[in-house]
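The entries follow in the order I made them.

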Amino acid sequence: MIVEVSKERTLYLIDKVAKFFAERRLGAPAILFCESMRPLNFIGSQVMYMITPFVNVIFQGREFEEFAAIMNEREYMDLLIKRIDALDEEYNAEQREKERLKRQRFWRKVRGWFGSHKDSTKDTNEG
């Protein structure tokens with residue numbers, strides 16, 4: 001079965017998949033999977049046809065066949081990885097910043113327990 005996919009449609013499908021993973025904070029595992037499958041992208045795209053019944057979570061109807069067809073091309077696999085990374089960073093930047101600040105406050109408190117009191121006074125003022 002040969003499926004023709006336009007450039008605009010290809011970009012739409014790649015964006016759709018990237019959003020799916022980024023919104024669920026699965027960007028890193030998705031990138032790891034894609035990177036590990038990169039040498040086998042043709043075989044992987046063929047395996048995608050076997051798992052068709054399970055992918056109705058992301059795709060509807062013919063979209064999955066189109067996505068499997070575009071994953072035959074290495075350039076689109078690279079584009080997918082870059083898009084997942086960009087969207088993951090965009091969607092989760094605020095959460096990562098909150099976690100970074102939380103870790104920073106924790107380590108200031110720990111340092112304060114061991115005699116470095118100048119950092120612990122900053123922490124009580126920040127709040």
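I looked up F21 first, and F21 counts as partly exposed at 23% relative accessibility. The terms I use are buried for under 20% relative accessible area, exposed for over 50% and partly exposed in between, with a 1.4 Å probe and protein chains only.

The model is predicted, so I note that local features need pLDDT of at least 70, side-chain atom pairs count only at pLDDT 80 or more, and totals for chains, interfaces and linings use all residues. Residues are numbered from 1 along each chain as its sequence is written, and side-chain values use heavy atoms, with hydrogens and water left out.

Next I checked ring pairs. Rings of Phe, Tyr and Trp (its six-membered ring) pair if their centres lie within 6.5 Å; planes under 30 degrees apart count as stacked, over 60 as edge-to-face and the rest as tilted. By this rule I have 2 aromatic pairs. F20 and F21 form an edge-to-face pair, 5.3 Å centre to centre with 80° between the planes. F20 is buried, at a relative accessible area of 15%.

What kind of pair do the rings of F106 and W107 make? I found their centres 5.0 Å apart and their planes at 75°, so the pair is edge-to-face. F106 is partly exposed, with a relative accessible area of 43%, and W107 is partly exposed too, with 46%.

Last, I looked at L40. L40 sits in the loop between α2 (27-37) and α3 (41-50), where helices are DSSP runs of H or I, at least four residues, numbered from the N terminus. At 41% relative accessibility, L40 counts as partly exposed.

Terms used
Helices (H or I, at least four residues) and strands (E, at least two) are DSSP runs, numbered from the N terminus.
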